[in-house]
Amino acid sequence: MRRLSVLVGLLLLGLAGCAPPGVPVADPNYDKHGKQFDPAAQGMAALYIMNVNNAASGAPPLTVSIGSRQLGPLASGTWFRVEVAPDNYDVRATGSGGPGWQYVRVGPGDMRFLAVRYADGTLRGDVLDVPQSEGRPIVLAGRRAWERQ
C-alpha cells in the first residue's frame, strides 16, 4: 500500500495542468460532474477507474474494459466513471505486453476506485483496488476520459 501511495504522490505532482496526449477527454461539465462523487443511480454502483502511471514517464495509454464492454484508452492522469448493475466484473487494463485484471464485486450504492498502471518493468497492464481516501484525490487532479459508446 505504501508503494501505491508513492505512485499517487508522483501522479499528483505530474498532473498540474497537463492535458493527456492521445486520449479524448470529456467535456468540462461532464468532468466536473464526475468530480462531485454523487451516488450512482438507484440500484446501481459507481466505478472510478484511474490511470496512475507517472505522466513524466511517457507511458502509452492503457485500454480499459469491464467484461466485454470496451471503455477506451486511459492515459496518465485520466479516469472513467462508470455506473454498473450490482454483479461481479472482470476489469482489465491492457498494454502492448498484455492485460492485467481485477475481479470486482459491487452492490447497490457502492462506489469503488480502481487504479490501472503498467506492471513494474513490463508493458503489461495492472489493476489495483484503491481506497476512496486515495482514489478521490487522483480523480480531482485528473481529467475525465471520454468513454467509447
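Select Arg-117 and Asp-126 to start: both are buried, meaning under 20% relative accessible area with a 1.4 Å probe and protein chains only (over 50% is exposed, in between is partly exposed). The two form a salt bridge, with the closest N and O atoms 3.1 Å apart; the term needs a side-chain nitrogen of Lys or Arg within 4 Å of a carboxyl oxygen of Asp or Glu.

A quick word on what you're looking at: this is a predicted model, where local features need pLDDT of at least 70 and side-chain atom pairs pLDDT 80 or more, while totals for chains, interfaces and linings use all residues. Residues are numbered from 1 along each chain as its sequence is written, and side-chain values use heavy atoms, without hydrogens and water.

Next, pick Glu-147 and Arg-69, whose side chains meet in another salt bridge (2.7 Å, N to O). Glu-147 sits in the segment after E9 and Arg-69 in strand E3, so this pair ties together parts 78 residues apart in sequence. (Strands are DSSP E runs of at least two residues, numbered from the N terminus.) Glu-147 is buried at 13% relative accessibility, whereas Arg-69 is partly exposed at 35%.

Now try Lys-35 with Asp-31: here the salt bridge has its closest N and O atoms 3.0 Å apart. Asp-31 is buried, at 10% relative accessible area.

Last stop: color E8-E7-E1-E4-E9, the order of five strands in an open sheet with mixed pairing; strands pair if DSSP finds at least two bridges between them. The edges are E8 (125-130) and E9 (143-144), each pairing on one side only.

Key: Helix = DSSP H or I, 4+ residues; strand = E, 2+ residues; numbered from the N terminus.
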